[in-house]
Amino acid sequence: MENRVNLNLINTLILLKKHRTLRMVAKVLGKSESAVSKDLSKLRNEFSDSLFIKTQNGFEATHYLDSIYDDLESAYIQLISVVNKPIEFQPDLYQELITVAIVDAEYERMVSLLYPKLSEHFPLAKLNFITWKQDSLQHLFQGKIDCGIHLENESYSNDFYQRTLKVDQIVTAVHKQFGITQWQETKQLPFVFIDVPGWNEFSYRFEEILPKEHKQDVSYCVRVDKLTSAMNIATNSMVAIQCPTRYLSNDFSVIPYPKGVSFDVAYSFYCLQTKRHSPLIQLLHQLIRECY
């Protein structure tokens, strides 16, 4: 039969052998004597022979317990030491490859900010900064990517840990040279659409927040997968662009959405749920968070 002895019960057994009375064991454990007595009853059911005999001097160990006690105590102490052993991590000695996937729009800024931090903390490691692509989530799951920076995506499974780094708003903007400031004028313009792998390739998120009567207001003349290309098009042509406010210069006019609609977006740190508490990932998360 499979034996599932609770570690806390083994501790009770060890204490009772040393102190012999329920009162002393209860005091050490911070329990009531009745609770300790119940634990003792559970212990009797877990072992193949009796463990203690109650005498006028307290609980005395039986021959059976005496014969297994040294091994039992040694195994308990060793197991507890393993469970409580702190995980040692020395970033300055870490020599493995560290791969960070970054959404395109954040790539240049984050590499310039993050590289000095990582090279200082991980002087012996090899660093690999890649642009987040359609297969990046799968590579994160497979362990080929350590962590990532991307827009928050509520559709991702719970296998992936997401932690907000910064909240922004996606706005519609037109270059000031064209003198357009209102939505009624803007909706007559063609839009440049920015494809963001892993975020909007399956749905146009802006339509989800627009009032019903405005869902057909936006039409596109071109799709690109680079923010810089979209900005160049919007600078040199009479088109509207939608992007987070952090990337807009003062050369653009922000156009208010109809009926006060806002389009919030969050930048998130990504890693596997199973890895989120590892010292490596926690340090990477801390350093990335400092960049925001």
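This is a predicted model: local features need pLDDT of at least 70, side-chain atom pairs count only at pLDDT 80 or more; totals for chains, interfaces and linings use all residues.

Reader: How many helices and strands are in the protein?
Author: The protein has 292 residues. Its secondary structure consists of 10 helices and 11 strands.

Reader: What share of the contacts between residues at least 6 apart in sequence join residues at least 24 apart?
Author: Contact here means heavy atoms within 4.5 Å. Among the contacts in the protein between residues at least 6 apart in sequence, the share joining residues at least 24 apart is 75%.

Reader: How far apart are the mean positions of the positive and negative charges?
Author: The protein carries 31 positive and 34 negative charges. The distance between their mean positions is 6 Å.

Reader: Which residues have the most contacts inside the largest nonpolar core?
Author: In soluble globular proteins, nonpolar side chains tend to be buried together. The largest such core in this model has 33 residues. At least two residues of this core come from each of β6 (160–175), β7 (191–194), α9 (227–236), β9 (240–244), β10 (252–255) and β11 (264–272). The residues with the most contacts inside the core are I194, W199, M231, I241, C243, L248 and F252.

Reader: Which residues does C243 contact, leaving aside neighbours within four places in sequence?
Author: C243 is among the residues with the most contacts inside the largest core. Leaving aside neighbours within four places in sequence, its contacts are Q169, I170, V171, I194, L227, M231 and L248.

Reader: How many residues are in the second, separate core?
Author: This core includes I102, F129, I149 and I281. Its number of residues is 23.

Reader: Where does D159 lie, and how far in space is D159 from Q273, C-alpha to C-alpha?
Author: D159 lies in the loop between β5 (147–151) and β6. Not counting residues up to four places away in sequence, D159 touches F141, C271, L272 and Q273. D159 and Q273 are 114 residues apart in sequence. Their C-alpha to C-alpha distance is 5.5 Å.

Reader: Is T62 buried or exposed?
Author: T62 is placed in the loop between β2 (58–61) and α4 (63–84). Not counting residues up to four places away in sequence, T62 touches S50, L51, F52 and I53. Its relative accessible area is 7%. Because the cut-off for burial is under 20%, T62 counts as buried.

Reader: What is the phi of R20?
Author: R20 is in the loop between α1 (7–19) and α2 (22–29). At 36% relative accessibility, R20 counts as partly exposed. R20 is not a glycine, yet its phi is positive, at about 75 degrees.

Reader: Is K259 buried or exposed?
Author: K259 lies in the loop between β10 and β11. Its phi is near 55 degrees, a positive value in a residue other than glycine. The relative accessible area of K259 is 64%. Because exposed means over 50%, K259 counts as exposed.

Technical notes. Residues are numbered from 1 along each chain as its sequence is written. Side-chain values use heavy atoms; hydrogens and water are left out. Helices (H or I, at least four residues) and strands (E, at least two) are DSSP runs, numbered from the N terminus. Buried means under 20% relative accessible area, exposed over 50%, partly exposed in between (1.4 Å probe, protein chains only). Lys and Arg count as positive and Asp and Glu as negative; His and the chain ends are not counted. The place of a charge is taken as NZ of Lys, CZ of Arg, CG of Asp or CD of Glu. A nonpolar core is a set of buried Ala, Val, Leu, Ile, Met, Phe, Trp, Tyr and Cys residues joined through side-chain atoms within 4.5 Å.
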